Amino acid sequence: METTRPFRILGIQQIAIGGLDKGALRKLWVDTLGLTAHGTYRSEKENVDEDIVVAGAGPFKVEVDLMQPVNPDGRPKVHDPALNHVGLWVDDLAVAVKWLEGQGMRFTPGGIRKGAAGFDVCFIHPKASDQFPLSGEGVLIELVQAPPEIIRAFEQAAASAVH
């Protein structure tokens with residue numbers, strides 16, 4: 001197994017939380033905890049109706065997707081488990097996916113595609129298989145292509161931490 005990674009995970013881009021009623025999730029995350037409403041996204045194909053809220057600001061803001069299924073009996077089950085997935089900023093998504101596949105990482109069907117927030121994304125499958133022995137170890141992980149300003153901000157923060 002090759003150990004020199006040709007990409008960097010920069011930080012958390014998002015967490016996605018599911019429930020049968022996104023109104024209850026919004027009451028907790030927006031009304032009670034004070035996160036800021038940012039937008040909405042709905043996809044019949046992905047069986048999701050979500051409110052997008054954010055914590056923080058600028059390049060270090062973290063998106064929290066409050067998701068409910070369009071069809072509670074449909075798939076994917078965006079509400080089960082309740083912590084649906086974690087999104088990670090990556091500096092070079094295409095290189096990361098190619099390298100991880102070479103290591104035996106299992107990805108969900110669909111490959112690299114445009115995500116709800118407009119960034120290119122790809123999902124690491126939560127479960128391994130015989131063909132792909134590496135996985136998210138029970139967690140669905142979304143790799144998100146960081147735009148240049150996010151990459152610069154993380155590089156500047158890392159440089160200041162060294163000094």
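Student: Why is Asp 51 called buried?

Tutor: Its relative accessible area is 8%, and buried means under 20%, exposed over 50% and partly exposed in between, with a 1.4 Å probe and protein chains only; therefore Asp 51 counts as buried. The model is predicted: local features need pLDDT of at least 70, side-chain atom pairs count only at pLDDT 80 or more, and totals for chains, interfaces and linings use all residues. Residues are numbered from 1 along each chain as its sequence is written, and side-chain values use heavy atoms, leaving out hydrogens and water.

Student: What makes Asp 51 and Lys 22 a salt bridge?

Tutor: The term requires a side-chain nitrogen of Lys or Arg within 4 Å of a carboxyl oxygen of Asp or Glu. For Asp 51 and Lys 22 the N to O distance is 2.9 Å, so the pair qualifies. Asp 51 also meets Arg 26 in a salt bridge at 3.3 Å.

Student: Which parts does the pair of Asp 51 and Arg 26 tie together?

Tutor: Asp 51 lies in strand 3 and Arg 26 in helix 1, so the linked parts are 25 residues apart in sequence. Helices (H or I, at least four residues) and strands (E, at least two) are DSSP runs, numbered from the N terminus.

Student: What makes Ser 135 count as buried?

Tutor: Its relative accessibility is 13%, which is under the limit for buried, so the label applies.
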